[in-house]
Amino acid sequence: MSFNTFGHMFRVTTFGESHGVAIGCVVDGCPPRLELDAADIQADLDRRKPGQSRFTTQRREADEVKILSGVFTDETTGKQVTTGTPIALMIENTDQRSKDYGDIKDKFRPGHADLTYDAKYGIRDYRGGGRSSARETAARVAAGAIARKVIPNVIIRAALVQMGPHKIDRARWDWNEVNNNPFFCPDATQAKFFESYLDEIRKSGSSIGAVIEVVAENVPAGWGAPLYGKLDGDIASAFMGINAVKGVEIGDGFATAAMTGEENADEMRMGPDGKPLFLANHAGGILGGISTGQPIVARFAVKPTSSILTPRKTIDKAGHDADILTKGRHDPCVGIRAVPVGEAMMACVLADHFLRHRGQNG
C-alpha cells in the first residue's frame, strides 16, 4: 500500500490498523534542538482519545504515546530535545473487540470503504475497517503536536460549529467554552442543546454529521506558493484526507458564490504600524495560495458515522443481496473527535510551509 506519507519538508508517515498491535507514525524533517517529551504529545492525544463521554465510542484506549527515536538529552539544559533525525512514535491498541465484526466479515458496510478497499486490494481487514479506520488519526494528532513545536508562535484552534442541521450562534462564540463541554463547541447554550439532541440520535442507534472550523492565528504573510504549492490547496487536501470528511471550504467558501465583487473583496488600508490593514477576511487569510497575515480560517464537513444499528441493504462478497446492521462501539457523531484531528492537520501543513518558506527565502 502506497501513499501513507504527506508533507514535503515536514513529512509524516503513519502506520497501523484499528485492531492491530499498535498504530503510530514517523515524523521526518523536524528541526533539531526543539524540546520534546511524551507529555507534550500526550496532551493533544488525550483530547482525541475515545471513551471520554457517552457521546463518543466507548472503546477504551489510553492512547499512551511512546517516543522510539529522534530525541536525546541536551547536556547543557538537561532537557530532552529533537535531534533532527526521524522521530518514531507508537501508540499501542489495548481495547480491540474484533469479535464484534465476526457477523459482518463477508458483508460490505454501506457508506464505509469496505467495497472500494476490497476492489482495490482484493483483501481487507474487516475488523473496524483496518487501515481505513479513523483510529489511524491518533497518529496524526501525535504528529501535529510535534508540528506545533516547529511553529510555536502560531495559535491553532478548532471548534464544532454545526451538528446535523443545527448551527451555533456566532454572537455567543467563546474559545474558552470549547474545552468545557464534550463537543468542543464554542457556544455554551448550543452545547447544552447538543446533549439532548445527540442522546436521541445515539439511543435510536443512528448517527449524525458535523462541521468543524479551524482557525490559525499569527501566521505571517508569505507562506505558500501561487500555483502548485498553494497553502489553501494543501490545507484542503489535508482535511479531505481525514476519515469521513466530504467537504472543505476556506474563508467564506461556498457562500462567496452568492456574493458580489464588492462584498467579497477584502479591502485594505495602511495600518499605523506601516503594514496592510484588512477590513474583512472573506478569503480566510489566503490569497493566490499565499498567506496574507490574517487568521487562516477553514471548515470541513464530516458525514454521519456509517456504522449504525439500523438495518441497511447491502451485498456480500459472494455477490448476494443482504441486510446488515453494525454492532460494536461507534461514535454517534464522529465529527466531535475530528476537532483535535483538524487542528493537527492544520499544524502539520503550516509547519511544512514554514520550512519550505525558510528554505527558499531564508
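Start with Val-349, which counts as buried at 8% relative accessibility; buried here means under 20% relative accessible area, exposed means over 50%, and partly exposed falls in between, using a 1.4 Å probe and protein chains only. This is a predicted model, where local features need pLDDT of at least 70, side-chain atom pairs count only at pLDDT 80 or more, and totals for chains, interfaces and linings use all residues. Residues are numbered from 1 along each chain as its sequence is written, and side-chain values use heavy atoms, with hydrogens and water left out.

Val-349 has its place in helix 7. Helices (H or I, at least four residues) and strands (E, at least two) are DSSP runs, numbered from the N terminus. Setting aside neighbours within four places in sequence, Val-349 is in contact with Leu-231, Asp-234, Ile-235 and Ala-238, contact meaning heavy atoms within 4.5 Å. Val-349 and Met-9 are 340 residues apart in sequence, yet 9.9 Å apart in space, C-alpha to C-alpha.

## Helix 5 and its buried side

Which residues of helix 5 are buried? They are Leu-231, Ile-235, Ala-238 and Phe-239. These residues cover an arc of only 95° around the axis, so they end up on the same side of helix 5; the arc is that of the directions from the helix axis to the C-beta atoms. As a reminder, an α-helix has 3.6 residues a turn, so residues three or four places apart point the same way. Leu-231, Ile-235 and Ala-238 also turn up among the contacts of Val-349.

## The open sheet and the helices across it

Now for the sheet: 5 strands form an open sheet in the order 9-8-10-16-11, with antiparallel pairing. Two strands pair if DSSP finds at least two bridges between them. At the edges are strand 9 (166–167) and strand 11 (245–250), each pairing on one side only. Strand 11 is joined to strand 16 (residues 296–302) by 5 bridges, and the two run antiparallel. Gly-247 stands opposite Ala-301 in strand 16.

Two helices lie across these strands. Helix 5 lies across strand 10, strand 11 and strand 16, running at about 160° to strand 11. Helix 7 lies across strand 8 (155–163), strand 10 and strand 16, at about 140° to strand 8. For these angles, axes are lines fitted to C-alpha atoms, for helices over the stretch in contact, and angles run from 0 to 180 degrees between N-to-C directions.

## Ala-210 in strand 10

Ala-210 is found in strand 10, and at 6% relative accessibility it counts as buried. Not counting residues up to four places away in sequence, Ala-210 touches Leu-160, Gln-162, Met-163, Phe-300, Ala-301, Val-302, Cys-333 and Gly-335. Ala-210 and Ala-338 sit 128 residues apart in sequence and 9.4 Å apart in space, C-alpha to C-alpha.

## Strands 3, 4 and 7

Strand 7 has antiparallel pairings with strand 3 and strand 4. With strand 3 (residues 22–28), strand 7 (residues 87–92) pairs over 6 bridges, and Ala-22 stands opposite Glu-92. With strand 4 (residues 65–67), strand 7 pairs over 3 bridges, and the bridge partner of Ile-67 is Leu-89.

## Aromatic pairs

Rings of Phe, Tyr and Trp (its six-membered ring) pair if their centres lie within 6.5 Å; planes under 30 degrees apart count as stacked, over 60 as edge-to-face and the rest as tilted. By this rule the count comes to 7 aromatic pairs. One of them is Phe-193 with Phe-194, a tilted pair at 6.1 Å centre to centre and 50° between the planes. Phe-193 is partly exposed at 31% relative accessibility, whereas Phe-194 is buried, with a relative accessible area of 0%. Phe-183, Phe-193, Phe-194 and Tyr-197 form one aromatic cluster.

Trp-223 and Phe-354 have ring centres 5.7 Å apart and planes at 45°, so this pair is tilted. The pair links distant parts of the chain, 131 residues apart: Trp-223 is in the loop between strand 10 (210–217) and helix 5 (231–240), and Phe-354 is in helix 7 (residues 338–361). Trp-223 is buried, with a relative accessible area of 5%, while Phe-354 counts as partly exposed at 22% relative accessibility.

## Around helix 2

Where does Asp-118 lie? Asp-118 is in helix 2 (residues 114–121) and is buried, with a relative accessible area of 16%. Leaving aside neighbours within four places in sequence, Asp-118 is in contact with Phe-108, Ile-123, Arg-124 and Lys-317.
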